[in-house]
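Have the model open while you read.

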Amino acid sequence: SSVCVFHTPIGFFCRCEQTLFNAPGEALALTDAARLFLSSEKEIRALQAPGFDEHLQAALNCYSFAIKVYIEMNQPVMSASLCLELGNALKEMNRPGEAIVHFQRAAELQTQTPIEALLSMGEIATCKIVTRDYDGALSVFTEMQLMCQERGMQLPGTTNPIGSFLDIVAKCEISRVLLLMLLEPPPQKLLPEHAQTLERYAWESFDPHSQVTFLPENVFLLLQSVVMACQEKDTESLKSLQTELWPFLTAEQNHLLHLVVLERIAPCGQGI
């Protein structure tokens, strides 16, 4: 039978705090209960014991109630932190599809703190890549890049953000280019924002003065060569470029580039 949160001692304590109108105490008790249930679920999994995810379901319920209490207390930062905690726990349990919902909620609660919201969106993109929703990941990275350009502080006379926003823009740009190479959308289905991105890496439109300034020059040139090698179906050049790019990419980006190379060696419509 499933675990009933409020039939446990800590559940009784949560009800006491609620009766006393002590919202902070109620939220804290619910959070403690959620973590205990989650810990029990992890122990059961480590022992490979049979189960029906009842402890996980109880943890989800407790987290949900705690998040609701913090929202009612007008504490979005605390609510978002619990959403992230739950999302990360689900991702560690190899449930990335379920984690997406909680990372999305965290991002929505972090509208006043754009950097934190962008990091949560990055977690969404990672989960989508893990679940092979490459088109969904591309959409998230595109939204992140647009958000950086809209909400980040910019250098005078440029459209480039500065600081952490610049780092996120660069990461999104690389990931978006690699995802576009993997998906290979036909021209008639290529969205304008994606077409503009690919135009930046086309040799025929290359202008040294309009080079992408938020990427190091060597990374930009290597990425441009990747685009051209993909378009020319030059697998050998692509393998060499993979080796050269490897030190400059994150583990996730190297995974995407590896998928691009595999797709060129043995096309199987993996991106689609």
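A word on burial to start: buried means under 20% relative accessible area, exposed means over 50%, and partly exposed is anything in between (1.4 Å probe, protein chains only). This is a predicted model, so local features need pLDDT of at least 70 and side-chain atom pairs count only at pLDDT 80 or more, while totals for chains, interfaces and linings use all residues. Residues are numbered from 1 along each chain as its sequence is written, and side-chain values use heavy atoms, with hydrogens and water left out.

**Salt bridges**

A salt bridge here is a side-chain nitrogen of Lys or Arg within 4 Å of a carboxyl oxygen of Asp or Glu. How many turn up in a search of the whole structure? The search gives twelve.

| Pair | N to O distance |
|---|---|
| Aspartate 53 and arginine 45 | 3.4 Å |
| Arginine 95 and aspartate 53 | 2.6 Å |
| Lysine 239 and glutamate 236 | 3.6 Å |

Aspartate 53 shows up in a bridge with arginine 45 and in another with arginine 95. Arginine 95 sits in the loop between α4 (76–92) and α5 (96–109), and aspartate 53 in the loop between α2 (23–46) and α3 (54–72), so their pairing ties together parts 42 residues apart in sequence. Helices in this numbering are DSSP runs (H or I, at least four residues), counted from the N terminus.

Buried or exposed, where does arginine 95 fall? Arginine 95 is buried, at 18% relative accessible area. Aspartate 53 is partly exposed at 29%, and arginine 45 is partly exposed too, at 32%. Zooming out, a network of salt bridges links Glu41, Arg45, Asp53, Arg95 and Glu98.

Lysine 239 is partly exposed at 35%, whereas glutamate 236 is exposed at 53%.

**Helix α7**

Now for α7 (residues 134–151). Its 18 residues reach 26 Å from first C-alpha to last, close to the expected 26 Å; the expected span is 1.5 Å times one less than the number of residues. Its buried residues include Tyr134, Leu138, Phe141, Met144 and Cys148. What do the buried residues of α7 pack against? Their partners are α6 (114–130), α8 (164–183), α9 (192–199) and α12 (251–265), where contact means heavy atoms within 4.5 Å.

Methods
Helix = DSSP H or I, 4+ residues; strand = E, 2+ residues; numbered from the N terminus.
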